[in-house]
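The two exercises below are meant to be worked through with the model open beside the text. Each sets a task and then gives a solution in steps.

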Amino acid sequence: MTKNNNKLIIITLLVLINCLPVFAQQKGGMQFTLKEAQDYALKNSPLIKNANIDLASAKQKIWETTAIGLPQVNGKLAGTYQVTVPENIKSFSGLSNLGGWMYNVDSALSKLTNDPKFGNISKPAPTEPVDENDLKWGLTFDITVSQLVFSGAYIVGLQTSKTFKQLSEVSITKSEQDLIESVTNAYFLCVIANENKLVIDSIYLATEKILYEIKETQKVGFLEETDVDQMELTLNNIRNTKDMIHRQCEVTMNLLKFQMGMELNNSIELKDKTMDLISQLNANVLATKKLNVENQVDYRLLSIQEKMANLNVKYQKSTFLPDVAVFYNHQENFNKKSFSFTPPDILGLNVTVPIFGSGQKIAQVKQANLSLQKIRNSKEQLSQGLQLQFSDNQSAFITAMNKFQTNKSARDLASRIYDKSVIRYKEGMISSLELSQAQSQYLQAQSNYFTAIIEMSTAYTKLEKLLK
């Protein structure tokens with residue numbers, strides 16, 4: 001084997017070694033802890049993407065409102081054609097020869113009278129005769145520059161657009177908190193469903209083995225056929241439960257992927273186990289923390305809405321104030337032979353003053369004040385409601401935690417009873433019906449245990465959300 005071949009083999013092996021993690025990931029799917037699932041959701045969830053789009057839109061709204069108070073430049077190109085020229089325009093156009101006529105008269109009087117008062121008019125430049133067709137068409141270009149000097153509505157509108165941006169920012173925070181809560185609950189459900197599946201699969205295999213053994217024993221006449229029938233019935237019930245739990249695992253996994261913003265056909269694995277998740281529920285931290293209503297996201301949203309309602313009151317009041325703007329207009333006439341009364345350059349000032357509106361503006365101000373009062377009432381109610389909700393969730397968490405400890409002990413006890421029952425059944429000390437009862441008791445204790453975990457995690461997540 002040559003040296004070049006050796007190099008080729010080494011390079012190939014290195015490439016394969018580097019690709020092994022990729023192949024393993026493709027085969028087993030992506031793996032997530034609870035924290036990694038939350039981070040993935042914050043980056044990929046359409047809910048967060050739309051909230052960020054709303055924030056970007058709010059930033060553009062600020063610039064849109066700001067631009068109203070900046071200089072505005074508009075241009076207009078206009079063309080006209082008159083089929084019939086009015087007689088008065090023909091008469092005015094004839095005045096274009098007035099300069100030449102006055103010069104001739106002035107020169108003649110100067111020669112006749114030798115008076116120094118005459119002969120002072122300069123000879124005008126020769127002008128082309130105006131044809132009627134020249135009066136029919138017109139082409140002008142206008143350019144207008146305007147600047148808003150004062151507007152109460154503009155000032156309030158600028159403040160409102162900035163407040164709207166704050167509302168979008170807090171809305172993102174709320175969307176993130178809601179998403180983390182949803183992902184956490186879905187992750188817990190998936191982990192519990194998967195562990196429940198392992199338990200029921202284990203019981204099913206054990207029962208299937210027992211059924212096989214008693215069938216063999218029944219063949220040699222040591223057991224009655226009723227025992228076999230009872231065990232087959234038990235196995236069928238376990239099989240139905242097993243199929244149901246397997247379907248639940250698939251549903252909860254799809255729910256988690258949906259909450260994370262992942263394609264449903266992607267394969268994922270959960271790295272955290274039940275006890276890993278329970279260890280993250282720090283009850284001591286929650287017990288020492290106090291609820292600060294003003295930091296709570298729902299209260300902050302309502303506070304910003306109150307601010308916007310207050311700005312609406314200011315806006316309605318600002319409609320009583322005048323609007324002041326200055327402008328400059330320049331018009332360029334491309335038909336020099338046409339007659340126009342419009343000066344080429346105009347500088348102006350516009351002042352719009354509301355005089356009488358039959359009480360419409362006063363009614364609008366009163367409506368804005370009433371809306372503001374409603375939001376303040378809702379804000380006060382929300383403050384009390386958050387305190388009550390915090391107290392209820394604390395109580396629910398403590399209750400669920402105690403229930404978890406009780407159900408855990410009951411689950412462990414039922415598991416030991418079931419294991420001993422299996423041994424006693426094989427030794428012929430108990431009947432298949434008693435074994436089935438011990439089995440059902442264990443499954444019920446297992447279900448109660450998982451239910452307590454879900455209740456505890458749900459209450460903890462709600463408390464944690466209130467304290468953020």
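The structure is a predicted model.

**Exercise 1.** Describe the largest pocket, its lining and the elements that contribute to that lining.

*Solution.* Begin with the space itself, which comes to about 370 Å³ in the largest pocket. Next, list the lining, which consists of 18 residues, with Asn196, Ile245, Gln248, Ser447 and Phe450 lying nearest the centre of the pocket. Then assign the lining to elements: helix 7 (152-219), helix 8 (225-260) and helix 13 (432-467) are those that give two or more residues, and helix 13 gives the most, with eight residues.

**Exercise 2.** In what order do the four strands of the open sheet lie, and which are the edge strands?

*Solution.* Start with the order, which is 2-3-5-6, with antiparallel pairing. The edges follow from asking which strands pair on one side only, and these are strand 2 (72-81) and strand 6 (345-352). From one strand to the next, the twist averages 20°. Now look closely at one pair: strand 5 (residues 323-333) and strand 6 run antiparallel and are joined by eight bridges.

How values were computed
Residues numbered from 1 in each chain as written. Predicted model: local features only at pLDDT ≥ 70, side-chain atom pairs only at ≥ 80, totals over all residues. Heavy atoms only, no water. 1 Å grid on protein atoms, 1.4 Å probe; cavity = no way out; pocket = protein on both sides within 12 Å on 5 of 7 lines; lining within 4 Å. Points joined across faces, edges and corners; volume = space filled by probe spheres on them. Pairing = 2+ DSSP bridges. Axes fitted to C-alpha atoms, helices over the stretch in contact; angles between N-to-C directions.
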